Amino acid sequence: MFTRRGWFHRLSTVVSTPAGRCVDAQMSSSPLSKKRRLSGTETKTGSHCSSSNSVRTDLSHTPANGMAKNGNDAEIDEALYSRQLYVLGHEAMKRMQNCNVLISGMRGLGVEIAKNVILGGVKSVTVHDQGVAEWRDLSSQFYLREEDLGKNRAEVSQHRLAELNNYVSVTACTEALTEDYLTKFQVVVLTNSDLEEQQQLGEFAHSKGIKLIVADTRGLFGQLFCDFGEEMVVYDTNGEQPLSAMISMITKDSKGVVTCLDEARHGFESGDYVTFTEVQGMTELNGCQPVEIKVLGPYTFSICETAGFTDYIRGGIVSQVKMPKKISFKSISSSMAEPEFLLTDFAKFERPGQLHVGFQAIHAFQKKHNHLPAPWNRADGDELLTLAKEVNSAQTGSAKVEQLDDALIKKLSFVASGDLAPINAFIGGLAAQEVMKACTGKFMPMMQWLYFDALECLAEEEGVELTEEECAPRNCRYDGQVAVFGTKLQDMLAKQRYFLVGAGAIGCELLKNFAMIGLAAGEGEVIVTDMDTIEKSNLNRQFLFRPSDVTKMKSDTAAAAVRQMNPSIRITGHQNRVGPDTERVYDDDFFESLNGVTNALDNVDARMYMDRRCVYYRKPLLESGTLGTKGNVQVVIPFLTESYSSSQDPPEKSIPICTLKNFPNAIEHTLQWARDEFEGLFKQPPENAMQYLSDPKFMERTLKLPGAQPVEVLEAVYKSLVTDCPHSWADCVAWARNHWQCQYNNNIRQLLHNFPPDQLTSSGAPFWSGPKRCPHHLEFSTSNELHMDYVVAGANLFAQTYGMPGSTDRAGVVKILQEVKVPQFTPRSGVKIHVSDQELQNSNSSVDDCRLEELKVQLPSPESSNFKLCAIDFEKDDDTNFHMDFIVASSNSRAENYDIPATDRHKSKLIAGKIIPAIATTTAAVVGLVCLELIKIVQGHKKLESFKNGFMNLALPFFAFSEPIAAPTHKYYEIDWTLWDRFEVTGLQPNGEEMTLRQFLDYFKNEHKLEITMLSQGVSMLYSFFMPAAKLKERLDLPMTEIVTKVSKKKLGKHVKALVFELCCNDLSDEDVEVPYVRYTIR
């Protein structure tokens, strides 16, 4: 069962990549304000199918933020698309920039698809609709306002959609679609269209090679269909990085067997194609055409005939090659009779076939009556069932179902006129990803029908049905939602008080959904906190922000944007980081007033902190995350489910120190080495030097460090303040040049002195083999761009640490370098180089006491120094700060040392910056699922099976839903308890005095028959059975809070109403028992 955030570790088909905090690029604000852009949106152009003159006029020049006008054929803007580029790649993005897309139907689903496709960066999007805005549209169409009622949906939406991405030309069309008009587009998306139109236009599109997507939502039900023609080419079926492995043996045989080094499993699958490089002996394989393999085991696979090849000697790298795959689709009419279903929920195996008939019956009902079945109307439900039976009996192919599910078809009828923002978000995210697949050939398309339902959102009790009166339209913005759930839920939603942590990509999508469903649109409130400011790379998926918002606070800007969508929402923006430091703000009163918490975070530590707070205050938590096309949703319900922290992801695999220092074999190793270089040159030394100068206790702390660390730290401080301290720009250049010499020449020569290229191990095998690549030293040249990149970046960063001005004048740098004296280096004997981390650990790094004493004397006294050093924090997204320049030059120079293929700046930034790939489609779909769970929580659902944890990989595509894992049960005596239970102890006694430690211990012995053996609060041990008698005597009669402040050496804040104590206990039979924590109330 897949149940938590670590789902992609447990699923072979859903491979994870390294995660890390995502920090985006700074950029200057655009001069085009939101207000000015919207001011001209009333202008009409006269044509029924046109773009907005106002948007075109405003964007006729290139704004200061570097974004070109709508529809401009520019190079890919890496600053804007950086996170999406790591999902799709440059080639797919270029193909997408040549695609013209038509999206018909601008109700909630259509605008959701359009929003995601425009953010993605196609060439143009035409939004089409002949209908006008109605009250029921406002429940999910986030670009319609109440003042737009009666206006054409496409024309109103077009102006607001055009603001999402200045590179995409957005036009509106309000005429009937014709076959001739369709020929202008590569991809056509139909929403809110009747079956006849779907089939007529679908058959035409199929015959002309136009890719077709049909998307539809009916209340709690969703439908998606894809037809990408008979010869669709997919260039990459899963989007994962191609695998590679090092070879230890290749046999000569009719099917040669390749054995890989047993450091890690090769990860290949039968049917994969591979190529070979660096094979010694059997050189016929090097650079060969891709060869299909058959996997024999975790370290072996067979290839082509190798009997006639030269004998294998050693070495070699095998690399996976992505091969184009041709896929054939049926047209909509053919596929309707012989459908192929993509299952979204394995617990609903029979449902797609039923809904395939049900949706056709809805079209038949609409054709007959010219309207949808009325909400919760029994007569319409019976009629739809009759129509469904007629549709089913008319089927001749595999679409015919043996037995219709009468209750399901009736529920479809009852909610069909509903229009729900979360369902539109989910289906809209999926549909937009299919548009991108159609444009690019990147990822596996959906084959060919998908049906989805969220009936668990309805009342849990069997047979409970809403009345027509409760669900009838009221000419209010929630009519589309009232049609499904009635007015009672609407009232409950309006009163909710929710805490949203994070206003990034997931946060923006959540706020949009909150506004649409009416969360906190009455007496309630949404509090959103995020301490980040808006950066250019955010604009590609955090759709509430515009170029003019760059440098503004995310939370305030997002709050203002959703107020535009629904003026009734009560929302407050904060700029606080959640954690112990802000518990004065987010205190007991704050949490106790909440109905629930929704996380939109980008790191595990903050997620776990919020999880602990929700467990303590017993509040529901909605947790979600994305990684490229992968997404997951976890729902945490008090007293019902496990919490987020109940399960841990496996730790990330770290690179051994000796591999980094001396034996790299992959670009990931050289990039990590370069990052360590950056920290060790430009961050730690200035920090330590400033601490030495400003903190009187620095020396005392440093001398207490283990091993050789005191000498290493003080040596670095001495270098910063004395030997390396520059007095001019020329000194900085000289420092960078000498450091280059040390790293890429001297150290490599020393390594080869210790381990010559022909060195053998004790067993007689070559030392430089397997994962150990034999290096060679580099000779510096001012005509080598990479060498100059290193010196210029290194010298500028070094100058910055001393507050000195730098220079980008390369000719000037070359002139300085001609005067730099580089000391001669001769490799020395007796230098110890560790071959493995084990050897490194076993070596005793002793302290050089003489050198330590020397340094203490030689270091300038803090009082006499007027230095001001500045430590540099690594920032990957500013291309003017030299950080990535240094990383790329440093990593690629080291890669050259070891004959590792260099990598470009784009990939270097991904790995060194630990960037999390992200795309708007996944975020939209995941948040749709989150908000379906929110609706269940607000209604007060109590059954575990009502809730759904969700997992998806849109690239495959793959979906899995499961009920959450129940909170594990523990027991002491006959009492069952879970993580949600605790002992409640009131510290203040009736006589007004606080409980002492003695009374606390007695209370548990008398009330719960438990003998406390250890008692702690946080990291403070308050009591233990082995405590010295004198200390115990001193504490026993002290009040509990006094002991806490004494041991922790911290005063209790006035906001603290209760303390949490952890217990170790024995029962009456002296057996150790596990018990809940204690909530000790003091105020």
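The stops below pass from strands to a helix, then to aromatic rings, backbone angles and an annotated domain.

**Before starting**

This is a predicted model, in which local features need pLDDT of at least 70 and side-chain atom pairs count only at pLDDT 80 or more, while totals for chains, interfaces and linings use all residues. Residues are numbered from 1 along each chain as its sequence is written, and side-chain values use heavy atoms, with hydrogens and water left out.

**Stop 1**

Select residues 187-191, which form strand β5. Helices (H or I, at least four residues) and strands (E, at least two) are DSSP runs, numbered from the N terminus. Is β5 enclosed or open to the outside? Five of its five residues are buried, so the strand is largely enclosed by the rest of the structure. Here, buried means under 20% relative accessible area, exposed means over 50%, and partly exposed lies in between (1.4 Å probe, protein chains only).

Now display the side chains. In a regular strand, side chains alternate between the two faces of the sheet. In β5, Val 187, Val 189 and Thr 191 point one way, whereas Val 188 and Leu 190 point the other way.

Two strands pair if DSSP finds at least two bridges between them. Leu 102 stands opposite Val 188. Leu 190 has Val 214 of β6 as its bridge partner. Follow the chain from β5 through helix α8 (residues 195-208) to β6: this β-α-β crossover is right-handed (with the strands pointing away from the viewer, the path from the first strand over the helix to the second runs clockwise).

**Stop 2: an open sheet**

Move to the seven strands that form an open, antiparallel sheet in the order β12-β11-β15-β9-β10-β14-β13. Which strands stand at the edges? They are β12 (291-292) and β13 (294-295), each with a single partner strand, so one side of each is left without a neighbour in the sheet. Within the sheet, select β9 (residues 244-250) and β10 (residues 257-260), which are antiparallel and joined by three bridges. Ile 250 stands opposite Val 258 in β10.

**Stop 3: helix α21**

Select residues 667-682, the helix α21. This helix has 16 residues and reaches 22 Å from its first C-alpha to its last, close to the 22 Å expected at 1.5 Å a residue (the expected span is 1.5 Å times one less than the number of residues). Twelve of the 16 residues are buried, among them Trp 673, Arg 675 and Glu 677.

**Stop 4: aromatic rings**

Stay on α21 and show Phe 678 and Phe 682. Their ring centres are 5.5 Å apart and their planes stand at 75°, so the pair is edge-to-face. Rings of Phe, Tyr and Trp (its six-membered ring) pair if their centres lie within 6.5 Å; planes under 30 degrees apart count as stacked, over 60 as edge-to-face and the rest as tilted. The two residues are four apart in α21, which separates them by about one helical turn. Both Phe 678 and Phe 682 have a relative accessible area of 0%. They belong to one aromatic cluster, whose members include Trp 735, Tyr 790 and Phe 886.

How many aromatic pairs does a search of the whole structure find? The search finds 49. One of them joins Phe 663 and Phe 767, with centres 6.0 Å apart and planes at 65°. These two residues lie 104 residues apart and link distant parts of the chain.

For a charge beside a ring, select Arg 95: its charged end sits over the ring of Tyr 235, 4.3 Å from the centre (NZ of Lys or CZ of Arg within 6 Å of the ring centre and within 35 degrees of the ring normal).

**Stop 5: backbone angles**

Most residues other than glycine have a negative phi, and most peptide bonds are trans. Select Trp 376, where phi is near 55°; Trp 376 is buried at 4% relative accessibility. Lys 914 has a positive phi of about 50°, and this residue is partly exposed, at 42%. Finally, the peptide bond from Leu 956 to Pro 957 is cis, with omega near -20°.

**Stop 6: an annotated domain**

Select residues 947-1078, which UniProt lists, in an unreviewed entry, as "domain: Ubiquitin-activating enzyme E1 C-terminal". UniProt positions are given in the numbering used here, feature names are shortened, and annotations may be inferred rather than shown by experiment. Over these residues the chain is 21% helix and 35% strand, with the end C-alpha atoms 30 Å apart.
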